There are 2 protein chains.
Amino acid sequence: MRHVLSVLVDNKPGVLSRVAGLFTRRGFNIDSLAVSPTEDVDRSRMTIACDDTKFPIEQVTKQLDKLINVIKIRDLDPQNMVARELTLLKVRAEGSARGEVIQLVEIFGARIIDVTPDTVTIQATGESDMLANFEELIRPYGLIELVKTGVVALGRGADPT
Amino acid sequence: MRHVLSVLVDNKPGVLSRVAGLFTRRGFNIDSLAVSPTEDVDRSRMTIACDDTKFPIEQVTKQLDKLINVIKIRDLDPQNMVARELTLLKVRAEGSARGEVIQLVEIFGARIIDVTPDTVTIQATGESDMLANFEELIRPYGLIELVKTGVVALGRGADPT
């Protein structure tokens, strides 16, 4: 099952390196990682998506907790979080294919943000499953390249994550 | 000035650690980092946003290029890229404040993805400046928490980045 870890850290050089080093030393591979400032400029939040069949979540959480500059770790409850990611896709869209690509973009509530005579670049936002589905439908047209942010998430409800 | 580095790497444990280690050893701090799989499952793309007043871009690019499993580095031309990021914001929205928050959400083309009696959680997508502006306008209502993906970008035009 996929887990989303939300890790609040001090915004200092070296934190990312220590966290990444912990994964590497133990041979844990992650699905995605996003790190960016938070509502408090002195702190950053790392959002780590990982698969618990390849990743011993509990052990990692305990070890992360011991690292310097790591303030708080939450293994977010999938039933009780909002999780989103963003993908940019550059895809071939010549002739009649263009109309079909535009249709998919509309169905998925995505947006075209760059156009050339042969290609379009699409911004798509949503839950991971939805984006995977969109990617699969777009791929046959000729996916030139794709970049994803990785997932970010907050707990549902009024309380801080 | 902000730079966006797009770094194509092999999807192997240890790559993130080596890249992060390079920054740490030299005391370089980055603004954001997003790492996620690409159109090719064997490769990941890291998108690194950094400020060239605090970060010697050219030197870093050369050193990144020497790392194992780093395939390609592009310092994207700001005039010739599409760059987007995604932010989730949980904000107080009681009584009359709620209507005002909803108005801002509509103006910025954002979306409300969770609601409680006292709060709303908003998903906002766009260019970094636009999101910073949105965050500034939302903050006075009572920003409970915020998580950002960090920027991702592709070069404009038909060619791969």
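Is Arg84(B) buried or exposed? At 13% relative accessibility, Arg84(B) counts as buried, where buried means under 20% relative accessible area, exposed means over 50%, and partly exposed lies in between (1.4 Å probe, protein chains only). This is a predicted model, in which local features need pLDDT of at least 70 and side-chain atom pairs count only at pLDDT 80 or more, while totals for chains, interfaces and linings use all residues. Residues are numbered from 1 along each chain as its sequence is written, chains are lettered from A and ligands numbered from 1 in the order in which they are written, and side-chain values use heavy atoms, with hydrogens and water left out.

**Helix 1 of chain B**

- Helix 1 of chain B spans residues 15-25, and because eight of its 11 residues are buried, this helix is largely enclosed by the rest of the structure; helices (H or I, at least four residues) and strands (E, at least two) are DSSP runs, numbered from the N terminus.
- Among the buried residues of this helix are Val15(B), Leu16(B), Val19(B), Leu22(B) and Phe23(B).

**Salt bridges within a chain**

- A salt bridge is a side-chain nitrogen of Lys or Arg within 4 Å of a carboxyl oxygen of Asp or Glu, and by this rule the count over all chains comes to 12.
- In chain A, the side chains of Lys148(A) and Glu135(A) meet in a salt bridge at 3.5 Å, N to O.
- Lys148(A) belongs to strand 8 (residues 143-148) of chain A and Glu135(A) to helix 4 (residues 128-138) of chain A, so the pair ties together parts that are 13 residues apart in sequence.
- Glu135(A) counts as buried, at 12% relative accessibility.
- In chain B, Arg84(B) forms a salt bridge with Glu127(B), with the closest N and O atoms 4.0 Å apart.
- This pair links distant parts of the chain, 43 residues apart, with Arg84(B) in strand 5 (residues 81-92) of chain B and Glu127(B) in the loop between strand 7 (119-126) and helix 4 (128-138) of chain B.
- Whereas Arg84(B) is buried, Glu127(B) is partly exposed, with a relative accessible area of 48%.
 
**Salt bridges between chains**

- Glu145(A) forms a salt bridge with Arg45(B), the closest N and O atoms lying 3.6 Å apart.
- The pair crosses between chains, running from strand 8 of chain A, which holds Glu145(A), to strand 3 (residues 43-51) of chain B, which holds Arg45(B).
- Both partners are buried, Glu145(A) at 1% relative accessibility and Arg45(B) with a relative accessible area of 4%.
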